[in-house]
Amino acid sequence: MDSVRLAVFSILISGSWCSVTKDLKFPEWFKFGAATAAYQVEGGWNSSDKGENTWDRLFHSNPEFSSQDNGDVACDSYHLWRRDIEMAEELGLDIYRFSLSWARLLPNGFANKISEDGKRYYNNLIDGLLEKGIEPVVTLYHFDLPQILQDLGGWANPLISDWFADYARVAFTLFGDRVKTWLTINEPLGFCDTGYSKQQAPYIDGEVIAKYLCNKYTLISHAKAWRIYDEEFRPRYHGKVSLATIFNWYEPATPEDKEITDLMREYWEGRFAYPIFSKEGGWPPTLEKFMADKSKQEGYSRSRLPPLTAEEIELIRGTYDFYGLNHYLSRRIRKARPGEKIGTWPLYGSDEINIQMESDPSWETTGLDWFPINPAGLRKQLHWLNQTYGVNEVMITENGYLDLDKHLDDTARIKYMRDYLEQIQLAIADGINVTAYMAWSLMDNLEWLGGYGASFGLYQVDFTDDNRTRTPRESARYYSRVTRTRSLHHDHEGLNYV
Ligand code: NOJ
């Protein structure tokens, strides 16, 4: 046990989940980062030969969305990538996570044509980061599917796994010599569940069947990409590949709700992670049975959760090098009462598994009822992941504070970051191998359904200014102290936490 682990261990033996008051240091190997995604920051939606994607289509062509903020220009990172790198440097980041726009790199969606402009753009970004000593962490897919592939059925078409595999091979070939950490797919729940319940792109009413097809084919797509890397690129480049899973901490509202909370975890996270990370592979067993029984009762001749063949189970099982965790908040879970109106999935409840989500009165709030703050939940969740899958390494691929007030003096965000980072220190001291933290987000950007009104950024972006001027918030100053000193500074500028 090294000195950090020892120091924290001595505090931990009291057995509490509470925060510590001593300013501990992060280990040297721990990597600090920040994250963004192509559609949310790049803009340049029709620059050069870029193809149209599902979000371009939704915002431009759906009357319900056409008056809303869209990503046509966003933070204009397509032109301002040098400034983005400068900001990453100002923050003292070890890593910067961004995503490739599939339609920018492959305008037709298919790998028969690679855009020179797309290649140039991502090469510039990658090389520029490396020149500053910042490692790129690249997501292949962060919600923006080429429209041409959507028109062919998108993630509900089994052929998507070959289209995605081809795209992944192009990306690994072009950038694999310099990119050593890859995320295949960001938050499948984010586009399968919300995309097929008419909340987000592709905005299809497919909650009963299509969302589960999407679920299955994202798993297969991820697995094929991982195996391509493993067989064709790992021997040369020695990198790591996983996916980023959104998983908040869910706990039972009462002891009687324990079973339903377990089912809820399988439904939220297990659908996308169990087939990859569990020792035995396949769908999470309780959920698989639940869905089969429910589908039968509903008169279907087979489960709406499409079965995985033995071959598919083997294809998917073990296709990870670390667990990529997007974690923001905690919720309490309880069984819905008879006749009660169930809240909308995925923020308030689920009709499918008959649960409601609520907040514990002791948790702090953010002004959004579905976003309570419970830093200790992150450490509990890291333990849960460890016990459930025995994962060798966890990277926090997203964590961040949503502010509706976009001011520069963002004390609440600093407190959020500090408290969540502290839970990571504690988890490391517990023996869990958490190796990286990527703050969401480097800068304010297009929040999918919140437009530019909601801010997650360490840097404020002026969206009324053609130059999209970026200004550091107080949280940026705080985070750069943390990255440079590798400790949390409980005393930062008059914030009395302890
Ligand atoms: C998760 C998504 O990956 C990201 O795109 C989004 O902006 C944040 N959560 C905040 O909602």
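**Figure 1. Lining of the largest pocket in the predicted model, by residue class.** The lining of the largest pocket in this predicted model comprises 20 nonpolar, nine polar and four charged residues. The space in this pocket amounts to about 730 Å³. In total, 33 residues line the largest pocket, and those closest to its centre are Glu187, Gln200, Leu347, Trp370 and Glu447.

**Figure 2. The ligand in the largest pocket.** The ligand takes up the space of the largest pocket. Around the ligand are Gln40, His142, Asn186, Glu187, Asn326, Tyr328, Glu398, Trp440, Glu447, Trp448 and Phe456. Sorted by class, this shell holds four nonpolar, four polar and three charged residues. Glu187 and Glu447 belong to the shell around the ligand and are also among the residues closest to the centre of the largest pocket.

Figure 3. In the side chain of Glu398, a polar atom lies 2.7 Å from an oxygen atom of the ligand. For Trp448, the distance from a polar side-chain atom to an oxygen atom of the ligand is 2.8 Å.

Figure 4. An N or O atom in the Trp440 side chain is 3.3 Å from an oxygen atom of the ligand. On its own, the ligand has 300 Å² of accessible area, of which the protein covers 90%.

Terms used:
Residues numbered from 1 in each chain as written. Predicted model: local features only at pLDDT ≥ 70, side-chain atom pairs only at ≥ 80, totals over all residues. Heavy atoms only, no water. Near = heavy atom within 4 Å. Polar contact = N/O pair within 3.5 Å; in protein donor to acceptor, adjacent residues only side chain to side chain. Areas by Shrake-Rupley, 256 points an atom, 1.4 Å probe, with all protein chains shown as cover. 1 Å grid on protein atoms, 1.4 Å probe; cavity = no way out; pocket = protein on both sides within 12 Å on 5 of 7 lines; lining within 4 Å. Sits in = over half its atoms within 2 Å of the grid points. Nonpolar A, V, L, I, M, F, W, Y, C, P; charged D, E, K, R; others polar. Points joined across faces, edges and corners; volume = space filled by probe spheres on them.
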